[in-house]
Amino acid sequence: MDACNRELELIGEYPITATNTIREDLEQIMANYPDAKIISRRVGRHLYYSYETENYSIYKIPLNDDEFAQITQTLSILSRFEGMPQFEWLDEIKSALNIKISSDPIVGFDENIDLKGRDYFAQLFSAINNKQPLVLTYKNFKRNINQQFIVHPYYLKQFNRRWFLIGFSENIGRLSLFAFDRIEDITTSNCKYIPNTKYNFKDYFDDMIGVTRIDHTDIETVRIWVSANRWPYVATKPLHGTQRIISKDVSGVIIQIQVYINKELEQLILSFGKDFKVLEPESLKQTIAQQFCEALKNYQ
């Protein structure tokens, strides 16, 4: 019990107060690991426990075929990051476990290997993990100038074959989005890290299409007419998780989604061309109509 409590103290856990706890743990080990035969022997007044096999350890159990296959599959997926800084451990694991990944591709990901700034992934990943504030030199394409932002990084997100960093920007004073391909340089900042206590990124993107969420806006109900020809596609690949049918006739289907209105939503609607017609809200309807009018001018 003293030995266990010394180890528990090192990892910040509460100490054991009853010897029955240890006995139950020994029984649990044997129940979970059939090969872990624990025996007891009495020497004088003391009772000693050990594995029946002298050098046995539950930490040295070889992987079975299913476990080995699962690890191989996982490493195959993670191998997309091979060659990137701080991901050299992938090669070390494969070498230690003697795992050979097929050189022929098995699964295709919608990855843009030519994406500018892709090499920043590992550095940003590490900064988030280590809670390290950063100074980003960021390219403003509209004004064609570089700007510097002090950013407290929180999350990495991929959308439409591009990577984005989401973090709190001291310059802007709110949560901000930074595209990898606009980052010109990254250095560390000595300022105190501001932790994320407000946003849950597991569901942050649930109410939108894409990654852009404008502050001080509300979720809106969007109704769209979808042509009969295009409906089978939209039915099997919904625009959003909230998609539901409002009405249906021979000409098409009226659907409804509830999302934040952003550029990604506009681009998605525009991509369906004549097969989509926005019915509500009026502001989005006018925006899409204007976009089509401007596009038409290019062909006149």
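## Exercises on a pocket, a helix pair and backbone angles

Strand E6 gives the largest share of the lining of the largest pocket, 6 residues. The model is predicted, so local features need pLDDT of at least 70 and side-chain atom pairs pLDDT 80 or more, while totals for chains, interfaces and linings use all residues. Residues are numbered from 1 along each chain as its sequence is written, and side-chain values use heavy atoms, without hydrogens or water.

**Exercise 1.** Describe the largest pocket and its lining.

*Solution.* Begin with the volume, which is about 1,100 Å³ (a pocket is an open set of 1 Å grid points where a 1.4 Å probe fits, with protein on both sides within 12 Å along at least five of seven lines; lining residues have an atom within 4 Å of a point). Of the 32 lining residues, Tyr138, Phe164, Leu177, Arg182 and Thr212 are the closest to the pocket's centre. Next, assign the lining to elements: E3 (134-140), E4 (145-159), E5 (162-169), E6 (174-179) and helix H7 (263-271) each supply at least two residues (DSSP runs, at least four residues for helices and two for strands). Finally, sort by class, which gives 15 nonpolar, 7 polar and 10 charged residues.

**Exercise 2.** Work out how H7 and H8 are placed relative to each other.

*Solution.* On the H7 side, Leu265, Glu266, Ile269 and Leu270 make the contact, and on the H8 side Leu284, Thr287, Ile288, Gln291 and Phe292 do (heavy atoms within 4.5 Å). These contact residues divide into 6 nonpolar, 2 polar and 1 charged.

**Exercise 3.** Locate the cis peptide bond that ends at Pro281 and the positive phi values of Lys131 and Arg161.

*Solution.* The bond from Glu280 to Pro281 is cis, with omega near -5°, and Pro281 sits in the loop between strand E11 (276-280) and H8. For Lys131, phi is near 55°, and this residue belongs to the loop between helix H5 (121-130) and E3. For Arg161, phi is near 65°, and its place is the loop between E4 and E5. Most residues other than glycine have a negative phi, and most peptide bonds are trans.

Note on methods: Grid points are joined across faces, edges and corners, and a volume is the space filled by probe spheres set on the points. Ala, Val, Leu, Ile, Met, Phe, Trp, Tyr, Cys and Pro count as nonpolar, Asp, Glu, Lys and Arg as charged, and the others, Gly among them, as polar. Axes are lines fitted to C-alpha atoms, for helices over the stretch in contact, and angles run from 0 to 180 degrees between N-to-C directions.
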